[in-house]
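Please look through the structure below. The text after it takes up a few residues in turn, with the cut-offs behind each term.

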Amino acid sequence: MGGILTALALLATFAVVPALWARAGAPFVGAYVATLLAACLATLAAGLFARQPIVVAPALGINVWLVYGVIYPLGVAWQEALAACFIAALLVLLTVTTPLRRIFLASMPRAIAEAARGGVGLLVVFTGLQMGKLVVGSPLTVTMLGSLSEPAAFVALAGLAVSLAFWAMGVRAAAFWGVLSAVLLALFEGFLVLPEAPFLLPEGLDRTAFALDFAHLAELSGVVLALWLFLFFDTCGTFAALGEAEEVHGLAETRTLLALAAGNVVASLLGAGSVTLAKESAAARAVGARTPLAACAAAAVLLLALFLEPVAAAVLDFSAILAPLLIFSGCLLLKGLQLDWQQASEHVAFFAVLLVTPLSSSLAAGLGAGMILYVFLEVFSGRGKKIHPVLFFFAGAFSLYFAYYTP
């Protein structure tokens, strides 16, 4: 149940990301098939090899940046962007399989690692609020409350109310019943319309597979560095947020990092953008999933989605039915969050990660902001000699990343 719910919550992402690459010149059908295949294989690896109930999905934020921050402004072909993704994935694989991983993770302050879980939780909640149009864009401020007269907001709020009611009654699968009630309500009211011809044979992979172009890779060295930092820290932070306490920094984490790094290599070879651990995997934990069966069930749904492109498009048209699941599961990630930080550097870094992550829709950006502020405040407080040298490196690297970042 947890794996199926998580996969359903990600269907909109699997429709949006190939559409982004299509705008950059890649064939949509090929990108759609490549993205689903890569995510399916990586999810199976996370389940069968790492023994985790975690789903792998396209990294929406990094794919948006690749299209609108790299391909468009730099005039780069989509094949060259895929080559940068491929090299970054190899760097992550090298980092995971060498002592570099332990060195990098040992340099991370506990306050920042703790804030990563809260940042992911807030990001998932905010995504659900946007998906259900409970929070919308504002002409005066960044966001504002949506209107309950909007069908999406009405369905999302009704499903969330059901989830919370069942949770209060001690029902373990409260998130499932919330989603089910939202689906039934949307179908009954006619907000969700399923296509008459839901199946379509997958095609187009021959136009994207092994299309990488390494001709101008030297010019994209900064892009490769940013991708490497994002994939490594986003994976470590997300696993720390989603995993059980005894799994963090253990064999399960190592295997999960390996599965995702290999998944990114496969994704770039097939013609898909970067993939990452889905924050929506919190939905699987929310309904009690703790075994690899959840990942296998999610992989089966993704494999079936290869033939259900019209249905994915229908869900994309009314994704509010999945909003209750994201809001509910994101709230669960905030349980037990530690707020008792005594040093100013820990306090500021903690809230930087907590705020920047949901506002930028990027855990890597949140971690970068937290590291920069932590190093800055520690140096001026006279404790700079105690900072791990690697943390200085990452603070500098993230400073360059923010300096040359193009939204």
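Phe 210 lies in the loop between helix H9 (174-189) and helix H10 (221-242); helices (H or I, at least four residues) and strands (E, at least two) are DSSP runs, numbered from the N terminus. This is a predicted model, in which local features need pLDDT of at least 70 and side-chain atom pairs count only at pLDDT 80 or more, while totals for chains, interfaces and linings use all residues. Residues are numbered from 1 along each chain as its sequence is written, and side-chain values use heavy atoms, with hydrogens and water left out.

The phi of Phe 210 is near 55°, a positive value in a residue other than glycine. Phe 210 counts as exposed because its relative accessibility is 65%; buried means under 20% relative accessible area, exposed over 50%, and partly exposed in between (1.4 Å probe, protein chains only).

Lys 133 is not a glycine either, and has a positive phi of about 55°. This lysine sits in the loop between helix H7 (110-131) and strand E2 (135-137). With a relative accessible area of 39%, Lys 133 is partly exposed.

On the surface, Leu 60, Val 64, Tyr 68 and Tyr 72 form a nonpolar patch, with about 320 Å² of accessible area together. Patches are made of residues with over 30% relative accessible area and no salt bridge, like charges being joined within 9 Å and nonpolar side chains (Val, Leu, Ile, Met, Phe, Trp, Tyr) within 5 Å. A salt bridge is a side-chain nitrogen of Lys or Arg within 4 Å of a carboxyl oxygen of Asp or Glu. The areas come from the Shrake-Rupley method with a 1.4 Å probe, and for residues only the protein chains shown count as cover.

Tyr 374 is in helix H17 (residues 363-380). Why does Tyr 374 count as buried? Its relative accessible area is 13%. Leaving aside residues up to four places away in sequence, Tyr 374 touches Pro 109, Ile 112, Ser 345, Glu 346, Ala 349 and Leu 391, contact meaning heavy atoms within 4.5 Å.

Cys 40 is in no disulfide, and the nearest cysteine sulfur, that of Cys 296, is 9.7 Å away. Cys 40 is buried, with a relative accessible area of 7%. Cys 85 is also buried, at 3%.

Conventions: A disulfide is a pair of cysteine sulfur atoms within 2.5 Å.
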